[in-house]
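Please look over the sequence and the model below before reading on. The text then goes through the structure step by step.

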Amino acid sequence: MLLKVDISRLIGQFRTFKWVPVAALISFSSTILVAIAMRSIAGDVSAYSRAAPADIIDLFGLIVLAPVIETLLLSFLVVSLSKLINNMIYACIIGALLISVVHGIFSIIQAFLVFIPFIVFCTPFFGGQIGRKSLLISSLIHSFHNSLICIVAFSDFIWVGAVDSSRLSSSFI
């Protein structure tokens, strides 16, 4: 017996609010796995790390503002690319790659850490229509993902970098 998968039903699930915590955990887990792999392959990469958020303004920017701005930018890229290549999933992958490259400007490590999460952030767009609901779901996934990253950065549980007691440095964020 062949396994039948209803793709349209599956894509429809990506546009529900039930998908938000699952997607955030998937994106967070992929970041953890990439960080572990990079550390085991490249050794100490703390020279390429970024500082963890130091105050409430940084935290607000990371959990609220950045997801909204990056989701709007990502949706613009995905819509533009989908018009060129006529395939929303490929447009999402290319858009995630481009956003990853932009993240890599300040920290090359981050370009590798954010590629898979940005693909996950695009999943609400897979159906082809980008509206308020898909933008909200994508922003919520991104916010939840960043919240999990902040929890890891503020704990002494550091995967890629080292903790500096004066400012809690982490290459994870």
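The model is a predicted one. The protein has six helices and two strands. Read from the N terminus, the order of elements is α-α-β-α-α-α-α-β. The protein has 173 residues, and 42% of them are buried. Of the contacts between residues at least 6 apart in sequence, 70% join residues at least 24 apart.

The pair α2 and α5 can be taken to begin with. Helix α2 covers residues 19–42 and helix α5 covers residues 108–122. The two pack with their axes 9 Å apart, at an angle of about 155°. Angles over 145 degrees count as roughly antiparallel, and α2 is therefore roughly antiparallel to α5. The crossing of the two helices is right-handed. On the α2 side the contact is made by A23, I26, S27, S30, T31, V34, A35 and M38. On the α5 side the residues are I109, F112, L113, I116, P117, V120 and F121. Sorted by class, the contact of α2 with α5 has 12 nonpolar residues, three polar ones and no charged ones.

The second pair is α3 with α4. Helix α3 spans residues 56–85, and helix α4 spans residues 88–103. Here the axes are 8 Å apart and the packing angle is about 135°. From α3, the residues in the contact are E70, L73, L74, L77, V78, L81, S82 and I85. They meet M88, Y90, A91, C92, I94, G95, A96, L98, I99 and H103 of α4. By class, the contact of α3 with α4 comprises 14 nonpolar residues, three polar and one charged.

The loop between α3 and α4 holds N86. Most residues other than glycine have a negative phi. N86 is also exposed, with a relative accessible area of 68%.

The cysteines come next. How many disulfides does the structure hold? The structure holds zero disulfides. A disulfide is a covalent bond between the sulfur atoms of two cysteines. For C122, the closest cysteine sulfur is that of C92, at 4.1 Å. The cut-off for a disulfide is 2.5 Å, so the sulfur atoms of C122 and C92 are too far apart for a bond. C92 is one of the α4 residues in the contact with α3. C122 is buried, at 0% relative accessible area. C150 is buried too, with a relative accessibility of 4%.

S75 lies in helix α3. Is S75 buried or exposed? With a relative accessible area of 8%, S75 is buried, because the limit for buried is under 20%. Leaving out residues up to four places away in sequence, S75 touches F125, I130 and L135. S75 and G131 are 56 residues apart in sequence, and their C-alpha atoms are 9.5 Å apart.

H142 is in helix α6, which runs over residues 132–154. H142 counts as buried, at 3% relative accessibility. Which residues are in contact with H142, leaving aside neighbours within four places in sequence? They are A66, P67, E70, T71, F118 and F121. Among them, E70 also belongs to the contact of α3 with α4, and F121 to the contact of α2 with α5. H142 and V68 are 74 residues apart along the chain, with 8.4 Å between their C-alpha atoms.

G104 is placed in the loop between α4 and α5. The relative accessible area of G104 is 15%, and G104 is therefore buried. From G104 to V114 the separation is 10 residues in sequence and 9.0 Å in space, C-alpha to C-alpha.

Notes
Residues are numbered from 1 along each chain as its sequence is written. This is a predicted model: local features need pLDDT of at least 70, side-chain atom pairs count only at pLDDT 80 or more; totals for chains, interfaces and linings use all residues. Side-chain values use heavy atoms; hydrogens and water are left out. Axes are lines fitted to C-alpha atoms, for helices over the stretch in contact, and angles run from 0 to 180 degrees between N-to-C directions. Helices (H or I, at least four residues) and strands (E, at least two) are DSSP runs, numbered from the N terminus. Contact means heavy atoms within 4.5 Å. Ala, Val, Leu, Ile, Met, Phe, Trp, Tyr, Cys and Pro count as nonpolar, Asp, Glu, Lys and Arg as charged, and the others, Gly among them, as polar. Buried means under 20% relative accessible area, exposed over 50%, partly exposed in between (1.4 Å probe, protein chains only). Angles under 35 degrees count as roughly parallel, over 145 as roughly antiparallel, 65 to 115 as roughly perpendicular and the rest as oblique. A crossing is left-handed if the near helix is turned anticlockwise from the far one by less than a right angle, and right-handed if clockwise.
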